[in-house]
Amino acid sequence: MGATMDVLITGGTGNLARHCLTELCEHGHRVTLFDRYRPEEAARPWSTDVPVVVGDLTSAEDCRRAVETAKAEAIVHLGAVAYPSKSGSARRSAAAAGQHAVATDATFRVNTLGTYFLLDAARQAGTRGGVCFHSLGAAGDQGDPELAHDAADRRAPGAPSDEQL
C-alpha cells in the first residue's frame, strides 16, 4: 500500500461520495466529508464514523474551515448542483427525487463560486492535489433552448462544439 493521505470530500453526503469514502478508507486514507447536511439528514440518509464538516461551498469561510479541519492533502470535489437550478422542470424533478430545495441561482453559485472558494482555501492551506467532477448540468439544460443558449454563450474558448462531442 502507498502512503496514506488526509482527504476532504465535498458533496460528502451524496451517492458518489459514499463510494469514494469507502474506496479511500479501504486504502487507509483519513477522510473528512464536507456538505450542507450531515449524512443522516441527506436526501438518502446514511451514517458514517468519519468526521463531517457541515458548511456551504458558497461560503469562503466554510471552505477554509473544511480544508483546515481535514488537514487536506487532497480534495475530491464532488459538491455541485447537478441540474440547472433556474429551470422549473429540473427543480420539480430534483424535488421528486428527494433532493433538498435550492435557490434558482444555485447552479452558478455552488458550481462556480463554490469551486473558486474551495480552490482558494486549498491553495492557502498548501493542499497538494485534487480531483474535480462536474455534471452536464454545469453546462446548462440541453433540453431547454434558453438554458442551452446560455450554456453555449459561456462555452470556454477552445472547448469542443456540440458537433464534436
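Biologist: Hi! Which side chain joins His 77 in a polar contact of 2.7 Å?

Modeller: That is the side chain of Thr 10. Another polar contact, of 2.9 Å, links the side chains of His 77 and Thr 115. A polar contact here is a pair of N or O atoms within 3.5 Å; within protein, one must be able to donate a hydrogen and the other to accept it, and residues adjacent in sequence count only if both atoms are side-chain atoms.

Biologist: Thanks. What should I know about the model and the numbering?

Modeller: The model is predicted, so local features need pLDDT of at least 70 and side-chain atom pairs count only at pLDDT 80 or more, while totals for chains, interfaces and linings use all residues. Residues are numbered from 1 along each chain as its sequence is written, and side-chain values use heavy atoms, with hydrogens and water left out.

Biologist: Back to His 77: buried or exposed?

Modeller: Buried, with a relative accessible area of 4%. Buried means under 20% relative accessible area, exposed means over 50%, and partly exposed is in between (1.4 Å probe, protein chains only).

Biologist: And what does His 77 touch?

Modeller: Leaving out residues up to four places away in sequence, His 77 touches Thr 10, Leu 57, Thr 115, Leu 118, Val 131, Cys 132 and Phe 133. Contact means heavy atoms within 4.5 Å.

Biologist: Which strand is His 77 in?

Modeller: His 77 belongs to β4, residues 74-77. Strands (E, at least two residues) and helices (H or I, at least four) are DSSP runs, numbered from the N terminus. In β4, Ala 74 and Val 76 point one way, Ile 75 and His 77 point the other way, and all are buried.

Biologist: What does β4 pair with, starting with β5?

Modeller: β4 pairs with β5 (residues 129-132) in the parallel sense over four bridges, and His 77 stands opposite Cys 132 there. β1 and β4 also run parallel, joined by four bridges, with Val 7 and Ala 74 as bridge partners. Two strands pair if DSSP finds at least two bridges between them.

Biologist: What is the strand order in the whole sheet?

Modeller: It is an open sheet of five strands with parallel pairing, in the order β3-β2-β1-β4-β5. β3 and β5 each have a single partner strand, so one side of each is left without a neighbour in the sheet. The twist averages 15° from one strand to the next. β1 and β2 pair over five bridges, and Leu 8 has Thr 32 in β2 as its bridge partner.

Biologist: New topic: which helix lies across β1 and β4?

Modeller: That is α4, running at about 175° to β4. Axes are lines fitted to C-alpha atoms, for helices over the stretch in contact, and angles run from 0 to 180 degrees between N-to-C directions.

Biologist: How about α2, which residues are buried there?

Modeller: In α2 (residues 60-70), they are Asp 62, Cys 63, Ala 66, Val 67 and Ala 70. They lie on the same side of α2, because they cover an arc of only 130° around the axis; the arc is that of the directions from the helix axis to the C-beta atoms.

Biologist: What covers those buried residues of α2?

Modeller: The cover includes β1 (6-10), β2 (30-35), β3 (52-54), β4 and α4 (106-125). Ala 66, one of the buried residues of α2, has a relative accessible area of 0%. Not counting residues up to four places away in sequence, Ala 66 touches Leu 8, Phe 34 and Val 53. The C-alpha atoms of Ala 66 and Val 53 are separated by 5.9 Å, although these two are 13 residues apart along the chain.

Biologist: Which members of the largest nonpolar core touch the most other members?

Modeller: Of its 20 residues, those are Leu 8, Phe 34, Val 67, Ile 75 and Leu 118. A nonpolar core is a set of buried Ala, Val, Leu, Ile, Met, Phe, Trp, Tyr and Cys residues joined through side-chain atoms within 4.5 Å. α4 gives the most to this core, with five residues. Apart from this core lies another, of 14 residues, including Ala 17, Val 31, Val 50 and Val 76.

Biologist: Last one: how much of the chain is buried?

Modeller: Buried residues make up 38% of the 165 residues in the chain. The secondary structure comes to five helices and five strands.
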